[in-house]
Amino acid sequence: MGRLRRTVLPAVAVLVATTLLGACANGGGLRVEGPESPPPDTPTPSVAVGTGTTSPSPGKTPVQPVDLYKVRARLLADRRLSDYDRKVLSNCTVISRCLSRGKTVDVMHSGTPQQIVLIHTLEKFVFGIFLIAVEPSGPRPIWNLDVEQPTVNASPQGELVVESKIFTINDPVCCPSGRRVEVYRWNGRQMTKVSSTDQ
């Protein structure tokens, strides 16, 4: 009888422990994850675009985040790209070090928002912007502007408003004190400058 008790009791204990562990796992105690997803791109510099992206109006197609690797490839294939921009993008294989997403806008009035993409130094000093149409065939550059530390927004009229810093006569090299506000409008074929004001 003692031998039977020594054999049965451990078997019962193993059965009880297995049941309890199985119940814990079914209750969400065990989490299984797939492969680690790649890290998101570095957030857009706040000095350049403010916060967040503009949500499309009801009934409009929501824009998917543009693939910055594809943007880089399309920009490098564009013969109109400036020499400096080309040099920066050619040497930039870690995209977050040279390109960031800005706001989405619909200045083309197409119902599908366009993506503002910023080009910047490793220290996040923005020196240019690109307007990118997100199309089924991939990102398509529409327009660009070389400008330092811009803030880019869409006006209520659907125009693109770019505010940037400019140097005045007595400014030290580090610190421009003036600002320029430029307004651009889509004319059906291209972006055209509507106004420019220095302050």
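1. The loop between β4 and β5 (151-154) contains Gln149. In this predicted model, Gln149 has a positive phi of about 45 degrees, although it is not a glycine. Is Gln149 buried or exposed? Gln149 is buried, because its relative accessible area is 14% and the cut-off for buried is under 20%.

2. His109 sits in the loop between β1 and β2. Its relative accessible area of 51% makes His109 exposed, since exposed means over 50%.

3. The loop between β1 (99-105) and β2 also holds Asp106. Asp106 has a relative accessible area of 17% and is buried.

4. Val152 belongs to strand β5. With a relative accessibility of 2%, Val152 counts as buried. Between the C-alpha atoms of Val152 and Ile129 there are 8.8 Å, while along the chain these residues are 23 residues apart.

5. Now the chain as a whole. It has four helices and eight strands. Read from the N terminus, the order of elements is α-α-α-α-β-β-β-β-β-β-β-β. The chain has 199 residues, of which 35% count as buried. Among contacts in the chain with a separation of 6 or more, 40% are between residues 24 or more positions apart.

6. One helix pair can be described in detail. Two packed helices are described by the angle between their axes and the distance between the axes. For helix α3 (residues 68-76) and helix α4 (residues 83-90), the angle is about 135 degrees and the axes are 10 Å apart. That makes α3 oblique to α4, because an angle over 145 would be needed for roughly antiparallel and 65 to 115 for roughly perpendicular. The crossing of α3 past α4 is left-handed.

7. Which residues of α3 and α4 meet? On the α3 side they are Arg72, Leu75 and Leu76, and on the α4 side Arg86, Leu89 and Ser90. Sorted by class, this contact has three nonpolar, one polar and two charged residues.

8. In soluble globular proteins, nonpolar side chains tend to be buried together. In this model the largest nonpolar core has 19 residues. Leu131, Trp143, Leu160, Val162 and Met191 are the residues with the most contacts inside this core. At least two core residues come from each of β2 (114-120), β3 (126-135), β4 (138-146), β6 (160-166) and β7 (178-186). The largest share, four residues, is supplied by β3.

9. Leu131 deserves a separate entry. With its neighbours within four places in sequence left aside, Leu131 is in contact with Val105, Val107, Gln114, Gln115, Ile116, Arg140, Pro141, Ile142, Trp143 and Met191. Trp143 and Met191 in that list are also among the residues with the most contacts inside the largest core.

Key: Residues are numbered from 1 along each chain as its sequence is written. This is a predicted model: local features need pLDDT of at least 70, side-chain atom pairs count only at pLDDT 80 or more; totals for chains, interfaces and linings use all residues. Side-chain values use heavy atoms; hydrogens and water are left out. Axes are lines fitted to C-alpha atoms, for helices over the stretch in contact, and angles run from 0 to 180 degrees between N-to-C directions. Angles under 35 degrees count as roughly parallel, over 145 as roughly antiparallel, 65 to 115 as roughly perpendicular and the rest as oblique. A crossing is left-handed if the near helix is turned anticlockwise from the far one by less than a right angle, and right-handed if clockwise. Contact means heavy atoms within 4.5 Å. Ala, Val, Leu, Ile, Met, Phe, Trp, Tyr, Cys and Pro count as nonpolar, Asp, Glu, Lys and Arg as charged, and the others, Gly among them, as polar. A nonpolar core is a set of buried Ala, Val, Leu, Ile, Met, Phe, Trp, Tyr and Cys residues joined through side-chain atoms within 4.5 Å. Buried means under 20% relative accessible area, exposed over 50%, partly exposed in between (1.4 Å probe, protein chains only).
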